[in-house]
Amino acid sequence: MTRNRLRVWFIGMLLVCGGILGNGAAQATLSTNSWIGASSGRWETGPWSLGLPPNSGHTVLITNASTKTVTADVNTWLNHFQTTTITNLVVSGPVNSTNTLVFNTMIFFEVLNRVTVSTNGVMHLNANTTLQIDGYGGFGSGGFIIDSGGTVALNNSTVIDNSDSSAVG
């Protein structure tokens, strides 16, 4: 069983067991969590549409209007590490906007399924940062910048494509 399928199976089993036991334990749900602010800010503090920072059950969208930079760094990793693994990531922007996601000396960030950087979107990895993509990486007409010391780790059968696609799946 592949790693992603095992994770999906495991999350499914947690949801089933949580429902059967009914003990009020926290349950994982797959949700979309969008950056809703018009200005730049920190990954771990938002503003996020779900009112909380992203986690491994979230598809994260940084796609709204207004040019901005969302930054994750060593503080994110050391103090909010649970926000550095997500399911899917889309970075793009509408006309006359550019959305940038910067990983600034952050050590490690993992996307379990799909990364899409498309029109008016930029992803920037600075030194000592590793972005691990466990599924698909789509880098269309958006920008992808890796500084000296930045690393992209491709897991299993990860596919990197340079066609313009904004689909998440």
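**Group meeting talk: salt bridges, rings and a nonpolar core**

A salt bridge here means a side-chain nitrogen of Lys or Arg within 4 Å of a carboxyl oxygen of Asp or Glu.

A word on the source. This is a predicted model, where local features need pLDDT of at least 70 and side-chain atom pairs count only at pLDDT 80 or more, while totals for chains, interfaces and linings use all residues. Residues are numbered from 1 along each chain as its sequence is written, and side-chain values use heavy atoms, with hydrogens and water left out.

Back to the charges. Arginine 42 also forms a salt bridge with glutamate 44, again with the closest N and O atoms 2.7 Å apart. The count comes to two salt bridges. Buried or exposed? Take glutamate 44. Glutamate 44 is buried, at 6% relative accessible area. Buried means under 20%, exposed means over 50%, and partly exposed is in between, with a 1.4 Å probe and protein chains only. Arginine 42 is partly exposed, at 26%. Aspartate 73 is buried, at 15%. Shared partners join Arg42, Glu44 and Asp73 into one network.

Now the overall chain. The secondary structure comes to two helices and 13 strands. These are DSSP runs, numbered from the N terminus: helices are H or I with at least four residues, strands are E with at least two. The chain has 169 residues, and 41% of them count as buried. Take contacts, meaning heavy atoms within 4.5 Å. Among those between residues at least 6 apart in sequence, 56% join residues at least 24 apart.

Next, the rings. How many aromatic pairs does the structure hold? It holds five. Rings of Phe, Tyr and Trp (its six-membered ring) pair if their centres lie within 6.5 Å; planes under 30 degrees apart are stacked, over 60 edge-to-face, and the rest tilted. Tryptophan 35 and tryptophan 48 are edge-to-face, with 5.1 Å centre to centre and 90° between the planes. Tryptophan 35 lies in the loop between strand 1 and strand 2, and tryptophan 48 in the loop between strand 2 and strand 3, so the pair ties together parts 13 residues apart in sequence. Ring pairs link Trp35, Trp43, Trp48, Phe103 and Phe109 into a cluster.

On to the core. In soluble globular proteins, nonpolar side chains tend to be buried together. Here, a nonpolar core is a set of buried Ala, Val, Leu, Ile, Met, Phe, Trp, Tyr and Cys residues joined through side-chain atoms within 4.5 Å. The largest one has 22 residues. Those with the most contacts inside it include Trp43, Phe103 and Phe109. Which strand gives the most to this core? Strand 7 does, with four residues.

Last stop: helix 2, residues 74-79, where valine 74 lies. Valine 74 counts as partly exposed, at 36% relative accessibility.
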